[in-house]
Amino acid sequence: MDYYGFYTGKIFDAYKYLGAHPEHGGVTFRTFAPAAKDISLIGEFNGWTEYSMNRIYDGNFWECHIPDATPGMMYKYRIRLKDGTYVDHCDPYGFGMELRPASASIIRNLDSYCFHDSRWMSRRTDCRLKPLNIYEMHFGSWKKPSGKEDDWYSYTAMAELLIPYLKECYYNYVEIMPLSEHPCDESWGYQNTGFFSPTSRYGTAQELMAFIDLCHQNDIGVILDFVPVHFAVDGYALARYDGTSLYEYPHVDVGRSEWGSCNFMHSRGEVRSFLQSAANYWLTEYHADGIRMDAISNIIYWQGDASRGVNKTGVEFIRDMNRGLKERHPSAILCAEDSSSYPGVTKRTEDGGLGFDYKWDMGWMNDTLEYFRTAPQYRSRDYHKLTFSMHYYYSDAFLLPLSHDEVVHGKATILQKMSGSYDDKFPQARALYMYMYAHPGKKLNFMGNEFGQLREWDEKREQDWDVLAYPIHEAYYRFMKELNRIYLSHPALYAMDYDQNGFSWIDCAREERCIYAFERTDGRERILAVFNFSEELQQKYLLPAAGAARIELLLSSDFESYGGNDSCDEASLMPEDGCIHLDLAPFSAAYYLMS
């Protein structure tokens, strides 16, 4: 290992040296613990008796080789502190861990799996000019083998269930909430103890590799959530690893996050090398197609509070990490979950930006959902909540998320958020999603939203698949599949997402009627999107259709087959004097192909 690079936060492969590595007829163990008085290795291979580790290099690293150790065996580091006490720790660079509440690391041989996805990997892109339709999911609660809280499908079994579903629903990427090991199910994986360990809830490292490999063989990309901000407080993990604040800040005012976890101290080179190596590890060893980094505003600003000022070392860390990851994985997707207005999040690092490919558009999400919560009679007042996003849209490369955060903690599900009665919610939700999929920006939708889940997400229960037995939900589900199919197959809806020539307002001044219209194009194909978000039928609406000789209805949220009232008798229109006349159903949306 490049020790100087490790100390200065420049390396991305510390995991290839630190941790447990099968080699030379056994396993070599190494850990970094500068303040430890002494370290012993305990594990299955020695009956959990102590085997002394040796100081190496500058005395801050410890090493030993165990001939009898083999992959699959458990181990821990017994770290003695200067006061004579000791703590048994899992391996910060361990490639596997026991299921909670147990906490031993597990030896894994990362070279034992052979990928078969060379075709996918050679053709992979960051999707800037392609469709990116992401299905966000929590692995343990999408479907469950039984009603037991701690009964989960394995990575292997999930591949058989999930991949056909994603293809049927026309999602071309899946984003999985953190799979790195975590002790508390309720944290959803966002408070880690094993940054290099796929959670044992669902299987082994090799089984996760096989899951991703199968996704690739079916033309589905995999994005993994990554948490570079904070880590779990559990004493067996990173917290005070060698008796000192090795990974975290020593001061409580910045050392503890709003979630009660430990904040990483990003000014330390060893911490930077740790996190950079973890991010690179998932992209390299598992062939992940991208990482979505959580809570980036908490790195940009001290404690995520802009009034406390920019954390310059945090910003520097993110910029350097993204630069290094893109150098190593040019086609991988780096996505920021960032609620701040910090400039240049998706600008290139060489131009002073943070180097992300995409940023979640939290402003669009909040404004849009607030608009649809509002009773229809007040939407004229809030009309420009839906036009505001295009005022700032080209300042960053935005992705439109309706994520897990919007269906928990009393916020209600997407369908529930719609104003009005049960029957009124479905047409509004269909119109909302057509607005989302026509709006510039890549797409992300959380599991359950696609069939109108009414119960807030609970990580202990599977999704309410039984609602598909109700015709209104089944029709809604078919609508969402068709909308996804149209998105993937029409370049006008994605190819020029970040080019100002790809979008133009046709009508955004109908406050009293709550009508909106805009055009999307890729330079060849033209799609006209029209929306009536009022509860009234809007008759003989005159819509400009410049340069179009014929207009063909591509999709209507009001089709009878999806639960609406439109029998689709008139599939095409001929403009007169450059305009068309439309009757817009209440709470409806329509896409038209212009030729």
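The model is predicted. Its largest pocket has a volume of about 520 Å³, and a search of the whole structure finds six cavities of 30 Å³ or more.

**Pocket and cavities**

- The lining of the largest pocket consists of 22 residues, and those nearest its centre are W259, D294, A295, E337 and D405.
- By residue class, this pocket lining comprises six nonpolar, nine polar and seven charged residues.
- The largest cavity holds about 100 Å³ of space.
- Among the residues that line the largest cavity are V229, Y249, V254, N263, F264 and H266. The lining also includes N298, I299, Y301, W302, Q303 and N311.
- The lining of the largest cavity contains seven nonpolar and five polar residues, with no charged residue.

**Helix α6**

- H287 follows α6 and has a positive phi, near 60°.

**Helix α9**

- At the start of α9, a side-chain oxygen of D361 comes to within 3.4 Å of the backbone nitrogen of G363.
- The buried residues of α9 are M362, W364, M365, T368, L369, Y371 and F372.
- An α-helix has 3.6 residues a turn, so residues three or four places apart point the same way.
- The cover over the buried residues of α9 includes the strands β19 (358-360), β20 (398-402) and β23 (515-521). It also includes the helices α10 (389-392), α11 (414-417) and α12 (422-438).

**Two buried threonines in loops**

- T193 lies in the loop between β12 (180-181) and β13, while T199 lies in the loop between β13 (194-198) and α4 (205-217).
- T193 has a relative accessible area of 2% and is therefore buried, as this is under the 20% cut-off.
- Leaving aside residues up to four places away in sequence, T193 touches C90, M97, E181, H182, P183, A232, D234, Y236 and A237.
- T199 counts as buried because its relative accessibility is 0%.
- The side chains of T199 and E181 are joined by a polar contact of 2.9 Å.
- With residues up to four places away in sequence again left out, T199 touches Y155, L179, S180, E181 and H182.

**Backbone geometry**

- Most residues other than glycine have a negative phi, and most peptide bonds are trans.
- The peptide bond from R100 to P101 is cis, with omega near 5°. P101 is in the loop between β8 (86-89) and β9 (105-106).
- C127, which is not a glycine, has a positive phi of about 70°. This residue is in the loop between α2 (118-123) and β10 (133-137), and C127 counts as buried because its relative accessibility is 4%.
- F587 also has a positive phi, near 50°, in a residue other than glycine. F587 belongs to the loop between β28 (579-584) and β29 (588-594), and its relative accessible area of 9% means that F587 is buried.

Technical notes: Residues numbered from 1 in each chain as written. Predicted model: local features only at pLDDT ≥ 70, side-chain atom pairs only at ≥ 80, totals over all residues. Heavy atoms only, no water. 1 Å grid on protein atoms, 1.4 Å probe; cavity = no way out; pocket = protein on both sides within 12 Å on 5 of 7 lines; lining within 4 Å. Points joined across faces, edges and corners; volume = space filled by probe spheres on them. Nonpolar A, V, L, I, M, F, W, Y, C, P; charged D, E, K, R; others polar. Buried < 20%, exposed > 50% of the residue type's maximum accessible area, 1.4 Å probe, protein only. Helix = DSSP H or I, 4+ residues; strand = E, 2+ residues; numbered from the N terminus. Contact = heavy atoms within 4.5 Å. Polar contact = N/O pair within 3.5 Å; in protein donor to acceptor, adjacent residues only side chain to side chain.
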